[in-house]
Amino acid sequence: MARDVGPVLQDMLDTIALVDTALSGKSREDFGRDAILRLAIQRAIEIISEASRHIPDELLQHTPDIPWRAIRGIGNILRHEYHRIADDMIWTVVVRDLPALRVAVETLVSKIE
């Protein structure tokens with residue numbers, strides 16, 4: 001049975017909002033000094049990645065500029081190659097990619113309503 005995509009999209013939006021809250025007022029240097037914060041943000045990205053796997057491909061076609069395959073794949077990297085994860089990569093995902101992803105997910109939400 002197919003999973004209802006509405007809650008999946010909301011999970012993604014909620015997790016992105018949590019990342020924003022956790023990093024509010026924090027610099028790249030603050031992020032680098034806080035091991036618990038780094039782990040929490042990595043876990044949030046894993047959750048977003050896993051949720052993205054439950055979005056039907058036909059719905060993803062509404063947001064062709066988003067690298068969905070990379071989003072789906074980063075969770076595997078975080079789970080299995082965690083020792084190779086650079087803080088700079090995670091920081092870049094947070095500041096460059098998550099804002100665009102939020103807009104894309106909001107677009108997808110509007111397509112299912």
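Predicted model: local features only at pLDDT ≥ 70, side-chain atom pairs only at ≥ 80, totals over all residues.
Which helix provides the largest share of the lining of the second largest pocket?

Within H5, the buried residues are Trp68, Ile71, Arg72, Ile74, Gly75 and Leu78, and the cover over them includes helices H1 (5-23), H3 (35-52), H4 (57-60) and H6 (87-112). As a reminder, an α-helix has 3.6 residues a turn, so residues three or four places apart point the same way.

Now to the pockets. The largest holds about 230 Å³ of space, and H3, H5 and H6 each supply at least two residues of its lining, with H6 giving the most, namely five. Ile71 and Ile74, which are buried in H5, are among the residues that line this pocket, as are Ile45, Val93 and Asp97. By class, this lining consists of eleven nonpolar residues and one charged residue, with no polar ones.

The second largest pocket holds about 160 Å³, and the answer to my opening question is H3, from which five of the lining residues come. Leu78, another of the buried residues of H5, lines this second pocket, together with residues including Arg38, Gln42, Glu46, Tyr82 and Asp87. Here the lining divides into five nonpolar, one polar and three charged residues.

How values were computed. Residues numbered from 1 in each chain as written. Heavy atoms only, no water. Buried < 20%, exposed > 50% of the residue type's maximum accessible area, 1.4 Å probe, protein only. Helix = DSSP H or I, 4+ residues; strand = E, 2+ residues; numbered from the N terminus. Contact = heavy atoms within 4.5 Å. 1 Å grid on protein atoms, 1.4 Å probe; cavity = no way out; pocket = protein on both sides within 12 Å on 5 of 7 lines; lining within 4 Å. Points joined across faces, edges and corners; volume = space filled by probe spheres on them. Nonpolar A, V, L, I, M, F, W, Y, C, P; charged D, E, K, R; others polar.
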